[in-house]
Amino acid sequence: MMLNQKQESEIRFRRPKNKIFLIVLSVIFLFILGSTLFYDRVYEIFTGSHQEVQSEKIPTKSGFALKYNGYDLTAAARQNLAKEFESYNIKYTDYNFYAQRGALLDSAGNVMYSVDTLPVKYQTFYEEGRNRVCKYLYGDLQTAQGIAPLMRVIPNINPDSLADSLPDFPTGYDIQLTINSALEEQIYDLLTLNYIKGGCIVQDLPTGKIEAMTATSITSAESEKSGLTQLEACLNTDFLYDIIQTLENPEEQDLTRKFFDYQVKSAESEITDTESGEIRKIKKYCFTTDFDLILERPDNMKDTDVSEVSPLHLNSITQRLFSGEARVPVLIENILDENGNPVNLLPETDVPAFPELTSEKNLKACYEAYHSENDKNYQVFVMKYTGEKYTDFKYITGVMTSGDGKIQKAFTLYSKDEKILHFIDSMIYFIDNAYSAEGGNPIETEGE
């Protein structure tokens, strides 16, 4: 019996199935052990060889700032800017970083517009109107080229050697404008409260600085395309056009045009006729300012519109006539760094010298003396245009000078509503209140 049990156990042990199972189990164990040792060895070799290289790839503050504000995000963030790449600092300027734009400031240093400006629904009526101009200057419209690139400039810093000196998020220079927001808001409210769709330009007479450039909405105006009637050709200047045409000497005509920047400079573009395939050239008149070259003349200009200019240009004509100097209208007061210190980035604009115009007397005769019953301290000369058609813009342009000569301003009010012609005393009061040390006494506006 014992013999039989032993033989049975030996037979079981020697079965092929049991041997295969043990072999497979041993192979699995050895594979797991070998894999663990192999991984540890490879990991040790890899980390030992590349530890120094990895430590060099730790991102710096400047590298992060450049990546965050750099070219990869530009297209997605600012697709609506046709000239965006021109202000990309690395490519086109002597500066290394593509910075977030700075802010637009008024003459008192208050922020007018920045990346933090609230949407329209959170703004007052004046802010809504003002921001049309600010958006134009900021670069949201394709025609703005002068100010927007300056607001992206920051000092040249080497990201490798001076990484810690960069701010976390680079911000460009602030642009301080010559705009007097307090004066501009009063004029805007005057138009709004009297239900007048129109605008106003105010320049300092001796310097040409633009101190107000505001407008309420003007609906259904054929010449209004961008909502900025201040910069669009809509005001009749037959008084100047006719005088130029009557000058017998062609050299005198040319001299008068240059003095008033009147239909002298032009931009030429080409269009192809879809039917004939012919190339047709279109000339547009350009008016020069320190912030942009303004295209005043529309593509579909009619012969009857040949003398029309923008309100800013008309005011410049008045300003140049009474100052005797052909100054370019100035809107940029200062360029300020992050500490508020002025930075000299713009070249000086020379005022060209002109001999006395033979047409000056005739042109000044178009402006009549205005006698205010409310404030006799000011000498005022104005010219009114009432228009021949219902669709014409009516305007009043002129100059006002205080008795002591400390306040000298050129102004233009325009609208399709003839009520705009009756706010001369209001302008005297607003300007006197804004610039006179003693202020002014409240006055009533003229009746119709």
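User: Hi! Leaving aside its neighbours within four places in sequence, which residues is S402 in contact with?
Analyst: Hi! Beyond those neighbours, S402 is in contact with N377, Y378 and I407, where contact means heavy atoms within 4.5 Å. This is a predicted model, so local features need pLDDT of at least 70 and side-chain atom pairs count only at pLDDT 80 or more, while totals for chains, interfaces and linings use all residues. Residues are numbered from 1 along each chain as its sequence is written, and side-chain values use heavy atoms, with hydrogens and water left out.

User: Where does S402 lie, then?
Analyst: S402 lies in strand β12, residues 394-402. Helices (H or I, at least four residues) and strands (E, at least two) are DSSP runs, numbered from the N terminus.

User: Does S402 count as buried or exposed?
Analyst: S402 counts as buried because its relative accessibility is 5%. Buried means under 20% relative accessible area, exposed over 50%, and partly exposed in between, with a 1.4 Å probe and protein chains only.

User: OK, over to A410. Which strand is that in, and what is its relative accessible area?
Analyst: A410 lies in strand β13, residues 408-415. Its relative accessible area is 0%, so A410 is buried.

User: What is A410 in contact with, again leaving aside neighbours within four places?
Analyst: The list is I201, V202, Q203, L205, N315, T318, Q319, G398 and V399. The C-alpha atoms of A410 and V380 are separated by 9.7 Å, and these two residues are 30 apart along the chain.

User: I see N315, T318 and Q319 among those contacts of A410. Which residues of α10 are buried?
Analyst: They are P311, L312, H313, L314, N315, S316, I317, T318, Q319, R320 and L321. That is 11 of the 13 residues, and α10 is mostly covered.

User: How far does α10 reach, and what follows it?
Analyst: Helix α10 (residues 311-323) reaches 18 Å from its first C-alpha to its last, close to the 18 Å expected at 1.5 Å a residue. The expected span is 1.5 Å times one less than the number of residues. After α10 comes G324, with a positive phi near 80°.

User: New topic: helix packing. At what angle do α7 and α12 pack?
Analyst: Helix α7 (residues 181-193) and helix α12 (residues 424-435) pack at about 155°, with their axes 10 Å apart. Axes are lines fitted to C-alpha atoms, for helices over the stretch in contact, and angles run from 0 to 180 degrees between N-to-C directions. The two helices α7 and α12 are therefore roughly antiparallel. Angles under 35 degrees count as roughly parallel, over 145 as roughly antiparallel, 65 to 115 as roughly perpendicular and the rest as oblique.

User: Who makes that contact?
Analyst: From α7 there are L183, Q186, I187 and L190, and from α12 S426, M427, F430, I431, N433, A434 and Y435. By class, the contact of α7 with α12 has eight nonpolar, three polar and no charged residues. Ala, Val, Leu, Ile, Met, Phe, Trp, Tyr, Cys and Pro count as nonpolar, Asp, Glu, Lys and Arg as charged, and the others, Gly among them, as polar.

User: And how do α6 and α7 pack?
Analyst: Helix α6 (residues 125-138) packs with α7 at an angle of about 110°, their axes 10 Å apart, and the pair is therefore roughly perpendicular. F125, Y126, G129 and R130 in α6 meet S181, E184, E185 and Y188 in α7. That contact of α6 with α7 has three nonpolar, two polar and three charged residues.
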